[in-house]
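This report describes the structure shown below.

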Amino acid sequence: MKRFIGFVKKEFLHIFRDFRTLIILFGIPTVQILIFGFVVSMDLKDANVAFLDLSNDEITRRISDKICSSGFFRRTDNLRDYKDVDRVMKKGDTRAVIIFGDNFGRDLARSGRATMSIIADGSEPNTATLITNYATAIITDFNRELDRTARIGNILVQPEVRMFYNPGLKGHFMFVPGVITLILILICALMTSITITREKEFGTMEVLLVSPLKPSQIILGKVMPYFLLSFINVILILLLSWLVFGLPVRGSIALLLAESMLYILMSLSLGILISTISKTMQQAIFISLVGLMLPTILLSGFIFPIENMPGIYDVVSSVLPPRYFILIIKNIMIKGAGFSDVWRETLIIALMTAVFIGLSIRNFKVRLQ
Amino acid sequence: MAKQTVSETGSTGVPLTSNTVITVRNLVKKFGNFIANDNLNFEVFRGEIFGFLGANGAGKTTALRILSGLSSPTSGKVMVAGYDAKKEPEQIKKNIGYMCQKFSLYNDLTVRENIMLYGGIYGMSKKLILERTAKLLERLQFEEYGGRLIADLPLGLKQKLAFSVAVMHEPKIVFLDEPTGGVDPITRRQFWEMIYETAARGITVFVTTHYMDEAEYCDRISIMNEGRIVALDTPANLKKQYNADSVEEVFIKIARPSPADPGMLQKNPKGNN
């Protein structure tokens, strides 16, 4: 045990002495969270809105004025025709179009109910959600005023929300689960495979293998620091996204951390596997980046929704552990899911871990024979 | 030659005398159909400097891995430091030191940290490590380098340090796998002085090398060719037997390149001497 502790200490020294390792470990996660967080802005101010008011009566003018005087929206255009809606939205500066049909006033007068439309540009999902939420709130507020002043009572303007271009609004709040998933697999797999192949390349691995340390102790000793640091990273990312962006964890934090540990374990065993098949650090880096980082970004559902993937990509994606972890973490963080909702994905990741460890041991034995 | 006589009378796998630290009997190692070690037999004695020569691919590395407990023999009996290489490789590992061709200390750790690390791995107490560290640094006149990173030291110093670290835990045997590759002649000479001192302390030195002048420094040398040991004796006796002026001549006469490995001779250029 004493031999082992000395060995782990040495591994920490490697990490803390290497500026680049530290940057990859702690700089990248922080920067990614901040970039994703601030680029995907949560504030709405002076969003450009066009109006298509075919009814053009007192009520519609009052609603338009209320929306534009809120400070959140700015009127850019008064459209004349439905055909113009697509045109102004495609130009790009108009985020949404608010439409009153030509029978809006008549409906409201006759039945006390009328429907208006809010069409938002779904290609920027976050802004689109914000716009529709804010507009809906303003209209609800207007309903209350109308209710109080109107003599007939129970007058209702119903906003009908439509998303153009990205009706499902995938991507909303996805960046934190995505960044955690990406960072963990990157740090764990990339860093472990590098640190192990580095010993091979420098010839120190031979010396360690000839020493009384058991091969299992060598590998454990090498991955242990990365396990600890990755776990600290998870906490750091969660804290950052909560403090800076107010993103809460709706489900159990303990469950979230436990799932993260399992995923870290999976990534570490993947890193060990990569190190058993690569002879040089370059090879390990190449396999980790091309084989892990790109698929994780492109195919795990981090950026592009899995539902929209053509068949073959869906198949490739289904063997990627990040796909399942993103689901788990999204469900726990955003939907507040419990273990009974994510056990299937958890089991898949656990099985993958077992497979990776098994393959690594086999490769390692072959090498030692 | 007295030692040699003892080995010739031996017939079992049991260590012949208390002076035998390595006994190899009918060692065979196969990888599939390929026979890397074909029926090796030899002994190495306490305090001896044993040169292990052979062209690249002759099976040296395989034998070295078996002797150091990294790999298991297919058949035959191998005893190292009193332990069976097949059954007790872990015990062997505790009783040997090892230094390889590639440099074997950590560049991003200081001299002291490297020493602490290896001392710890070999189960030495902290007190003992500190004691030996002080002695070791003094012997190498290294005191002022203790806190320096290995990366900042010249290669010659690194190699000397690596050797000192490899024998710090007073192993019964130290295996040196081409320890002087890329080192200048002066450092090489100093390195060999260290090897002599170590052997005089009773530590057996088992060394592979491609430098034929270094082979002359060994007490005995064995030459491997195509998985077999084709010669084993003192350098003087071998030169007499093969009617050669130097070990290099002996080597070239014995270890002729097989057609499959024409590049072998280039690994042992005359210019190295």
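## Salt bridges in chain B

B:Glu170 counts as partly exposed, at 39% relative accessibility. In this predicted model, the side chain of B:Glu170 meets that of B:Arg201 in a salt bridge, with an N to O distance of 3.1 Å. The pair links distant parts of the chain: B:Glu170 is in the loop between H6 and S7 of chain B, and B:Arg201, 31 residues apart from it, is in the loop between helix H7 (185-200) and strand S8 (204-208). B:Arg201 is likewise partly exposed, at 35% relative accessibility.

## Salt bridges in chain A

A:Lys222 and A:Glu199 form a salt bridge whose closest N and O atoms are 2.6 Å apart. A:Lys222 belongs to helix H9 (residues 215-245) of chain A and A:Glu199 to helix H7 (residues 175-202) of chain A, so the pair ties together parts 23 residues apart in sequence. Both A:Lys222 and A:Glu199 are buried.

A:Arg75 lies in strand S2 (residues 73-79) of chain A and A:Asp65 in helix H3 (residues 58-68) of chain A, 10 residues apart. A:Arg75 is partly exposed with a relative accessible area of 33%, and A:Asp65 is partly exposed with 47%. Over all chains, the count comes to 22 salt bridges.

## Chain A overall

Chain A has 14 helices and five strands. Of its 369 residues, 50% are buried. The accessible surface of chain A is about 17,600 Å², and carbon and sulfur atoms hold 63% of that area.

## The sheet of chain B

Chain B contains an open sheet of six strands in the order S6-S7-S8-S3-S9-S10, with mixed pairing. Strands S6 (96-99) and S10 (228-233) of chain B stand at the edges; each has a single partner strand, so one side of each is left without a neighbour in the sheet. From one strand to the next, the twist averages 15 degrees.

Strand S3 (residues 49-54) and strand S9 (residues 220-225) of chain B pair in the parallel sense over five bridges, and B:Leu53 stands opposite B:Ile223 in S9(B). Helix H10 (residues 247-254) of chain B lies across S3, S9 and S10 of chain B, at about 25 degrees to S9(B).

## The interface between chains A and B

In chain A, 27 residues are in contact with 30 residues of chain B. The two chains bury about 2,500 Å² between them, with 59% of it on carbon and sulfur atoms. Two salt bridges are counted between chain A and chain B. The side chains of A:Arg17 and B:Glu113 meet in a salt bridge at 2.7 Å, N to O.

Note on methods: Residues are numbered from 1 along each chain as its sequence is written. Chains are lettered from A and ligands numbered from 1 in the order in which they are written. This is a predicted model: local features need pLDDT of at least 70, side-chain atom pairs count only at pLDDT 80 or more; totals for chains, interfaces and linings use all residues. Side-chain values use heavy atoms; hydrogens and water are left out. Helices (H or I, at least four residues) and strands (E, at least two) are DSSP runs, numbered from the N terminus. Buried means under 20% relative accessible area, exposed over 50%, partly exposed in between (1.4 Å probe, protein chains only). Accessible areas come from the Shrake-Rupley method with a 1.4 Å probe; for residues, only the protein chains shown count as cover. Two strands pair if DSSP finds at least two bridges between them. Axes are lines fitted to C-alpha atoms, for helices over the stretch in contact, and angles run from 0 to 180 degrees between N-to-C directions. Contact means heavy atoms within 4.5 Å. Buried area is the accessible area (1.4 Å probe) that two parts lose on being put together, summed over both. A salt bridge is a side-chain nitrogen of Lys or Arg within 4 Å of a carboxyl oxygen of Asp or Glu.
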